[in-house]
Amino acid sequence: METVIEKTNVNVDIEALRKEIIKEENIVFKKTIGLTDNPLSYCPGCGHGVVHRLIGEVCEEMEIIQDVIAIAPVGCSVFAYDFFNLDTQSAAHGRAPAVATGVKRTMPDKYVFTYQGDGDLAAIGTGETIHAANRGENITIIFINNGIYGMTGGQMAPTTLLNMKSSTSPYGREMDVHGYPLNITDMIAPLRGVCYATRQSVHTPANVRKAKAAIKKAFEYQKLKKGLSIVEIMSNCNSGWKMTPVQSNKWMEENMLENFPLGDIKVPQDK
Amino acid sequence: MKGNEAIAEAAIRCGCDAYFGYPITPQSEILEYLALEDPYNKRSGMVVLQAESEIAAINMVYGAAGCGKKAMTSSSSPGISLKQEGLSYIAAGELPCLVVNVSRGGPGLGSIQPGQADYFQSVKGGGHGDYRLIVLAPNTVQEQYDFVDLGFELAFKYRNPVLILSDGAIGQMMEKVVLTPQKDRSVTLPSWATTGKTPDRERNRIFTLNIETDVQENHNRKLQAKYKVVEENEIRYQEFKTDDAEYIIVAYGISSRICMKTIQLAREKGIKLGMFRPITLWPFPKQKLFELSKNVKGIFAVEHSCGQMVEDVELAVKNNTPVKFYGRSGGVIMTPQEVLLFIESEMNK
């Protein structure tokens with residue numbers, strides 16, 4: 001594609017222009033108050049930051065910041081408690097749904113969500129995930145699936161695709177050694193305690209908008225005490241996959257989405 | 001009332017907000033009693049929930065405690081092992097909570113009969129990292145009851161997990177208990193708790209991670225300073241016929257009950273035997289024991305283990321007098337007579 005660079009008009013007063021731009025009425029985009037000003041620890045190009053923003057925006061738009069308690073996991077998002085401008089608890093690896101249960105049961109009027117990666121939720125925390133879901137805990141799980149352990153340096157995750165390379169499956173994931181990628185959202189969706197299960201992604205602007213709508217829906221179902229809601233969000237891990245951000249999003253679309261198809265898996269039936 | 005039931009009744013009456021448990025012998029009556037009483041609907045509004053594992057239960061406690069609630073769990077030895085990860089996090093996050101261990105014979109699945117082999121785990125750590133639990137050891141059903149309220153009081157005073165180290169005998173025995181009036185559950189929550197970030201304050205965070213090493217060391221120093229205050233202020237013990245004693249038994253929990261009889265039998269034979277009972281196992285009442293040990297001919301550490309508390313006794317006594325150990329394990333309960341036989345044989349050496 002040809003890039004067109006407009007000629008700069010040298011007569012424009014840059015300072016005056018700057019002052020004009022930052023006027024309140026001219027601001028077209030602001031960081032949500034649902035996030036703090038702390039710099040994110042995520043790699044440039046990673047989807048975590050986008051999902052953080054979406055959650056922050058949903059909390060701001062629903063005007064529920066004072067009513068939300070977030071549970072951070074262990075993994076890349078271990079520092080989530082420094083990024084959300086919310087009261088936050090940091091759980092042990094995989095235990096977020098149990099911690100969230102303790103919070104929700106004693107603070108039933110609050111919105112409680114966990115933010116977990118695939119290793120946290122679908123490997124070490126499988127038991128906590130399934131049982132929180134089966135009890136129909138009125139919590140929301142935001143599940144970031146990037147098919148890899150990012151924080152510890154790119155090891156194989158339960159969601160790593162067959163033949164996908166990682167530092168602990170350097171020749172690719174082999175079915176007869178490592179088993180299959182685990183679709184845990186599909187697994188727990190049939191449980192009667194789960195009201196809403198959906199898989200979204202943040203690799204294109206259109207998908208980002210859909211993911212945000214899903215997060216909002218999940219919070220609304222939580223308010224209606226319908227049971228556990230899980231929003232799985234497919235995200236890239238450009239560092240772990242050893243790709244550029246653009247390549248990784250393309251790779252995700254071409255490879256990950258076949259195993260992890262996007263869309264609602266379960267929505268509440270009753271009115 | 002059974003020792004385990006006393007724990008459950010005390011939890012309701014002291015205004016506990018939540019109990020999370022998992023069945024394991026010999027303490028399942030705690031969860032059963034709470035389920036039957038149904039305090040959430042019928043009494044104080046206390047949450048009672050059977051978790052899918054001991055690991056989940058302690059992490060539910062973490063969540064509730066992080067909201068400033070009075071939260072507790074109970075288990076027995078193998079289950080307490082599973083809770084060690086959570087306890088380390090709770091201690092690191094400086095959350096108040098109460099954990100009850102109605103201990104049994106170990107290691108492994110061990111036996112379901114009473115044991116005291118979890119002493120090291122209780123007072124020396126158990127989980128990873130430099131942390132301490134405040135450990136209370138009841139020897140009557142009344143103390144089982146009383147230590148629940150006391151445990152929560154200490155937990156909130158120091159923002160630290162408190163462990164009641166009981167045993168299968170105290171948990172299963174029946175004794176009379178004086179009950180206390182129902183306390184209201186607290187409506188005001190601590191300022192540090194995660195209760196939802198209101199615009200008038202900064203967000204509250206419960207976390208245990210400090211990537212910067214000096215930040216972590218400073219946090220550890222802060223914890224150690226707190227533990228020092230606990231050591232200076234919270235030591236509890238009981239003396240029994242130590243005034244004229246020439247020999248002293250050191251025992252806690254069920255062992256101390258058995259040794260009461262041993263002392264009676266010894267005194268009938270003219271042996272001046274007394275007992276020193278640590279009530280707080282951590283902090284261990286080492287100074288008082290050190291003082292006592294100056295004036296006696298020998299000290300006997302008597303435990304239902306292969307020799308754990310005896311190490312703290314030896315450290316406290318500092319060679320003032322010989323320290324001998326007598327123990328039974330695996331769920332075998334010693335008789336007062338066999339303890340006396342051991343003491344007599346040691347005296348005659």
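Domain bounds are taken from an automatic or database domain assignment. The model is predicted: local features need pLDDT of at least 70, side-chain atom pairs count only at pLDDT 80 or more, and totals for chains, interfaces and linings use all residues. Residues are numbered from 1 along each chain as its sequence is written, chains are lettered from A in the order in which they are written, and side-chain values use heavy atoms, without hydrogens and water.

**Exercise 1. State how chain B is divided into domains, and describe their separation and contact.**

Step 1. Domain 1 of chain B comprises 3-195 + 222-233, and domain 2 comprises 238-347.
Step 2. Taken over C-alpha atoms, the centres of domain 1 and domain 2 of chain B are 27 Å apart.
Step 3. To the contact (heavy atoms within 4.5 Å), domain 1 of chain B contributes 32 residues and domain 2 of chain B contributes 26 residues.

**Exercise 2. Classify the packing of α1(B) against α8(B).**

Step 1. Helices are DSSP runs of H or I with at least four residues, strands are runs of E with at least two, and both are numbered from the N terminus. Axes are lines fitted to C-alpha atoms, for helices over the stretch in contact, and angles run from 0 to 180 degrees between N-to-C directions.
Step 2. The axes of α1 (residues 3-13) and α8 (residues 141-158) of chain B come within 8 Å and cross at roughly 25°. α1(B) is therefore roughly parallel to α8(B), a class that covers angles under 35 degrees.
Step 3. Residues of α1(B), including B:I7 and B:A10, meet B:V141, B:Q144, B:Y145 and B:V148 of α8(B). The residues of this contact divide into seven nonpolar, three polar and two charged; Ala, Val, Leu, Ile, Met, Phe, Trp, Tyr, Cys and Pro count as nonpolar, Asp, Glu, Lys and Arg as charged, and the others, Gly among them, as polar.

**Exercise 3. Give the strand order of the seven-stranded open sheet in chain B and identify its edge strands.**

Step 1. The order is β2-β1-β3-β4-β6-β5-β11, with mixed pairing; strands pair if DSSP finds at least two bridges between them.
Step 2. β2 (47-50) and β11 (280-282) of chain B are the edge strands, each pairing on one side only.
Step 3. From one strand to the next, the twist averages 20°.
Step 4. β1 (residues 18-21) of chain B pairs with β2(B) in the parallel sense over four bridges, and B:V47 in β2(B) is the bridge partner of B:A18.

**Exercise 4. Locate the cis peptide bond that joins B:T25 and B:P26.**

Step 1. Omega of this bond is about 5°.
Step 2. B:P26 lies in the loop between β1 and α2 (28-37) of chain B.

Terms used
Angles under 35 degrees count as roughly parallel, over 145 as roughly antiparallel, 65 to 115 as roughly perpendicular and the rest as oblique.
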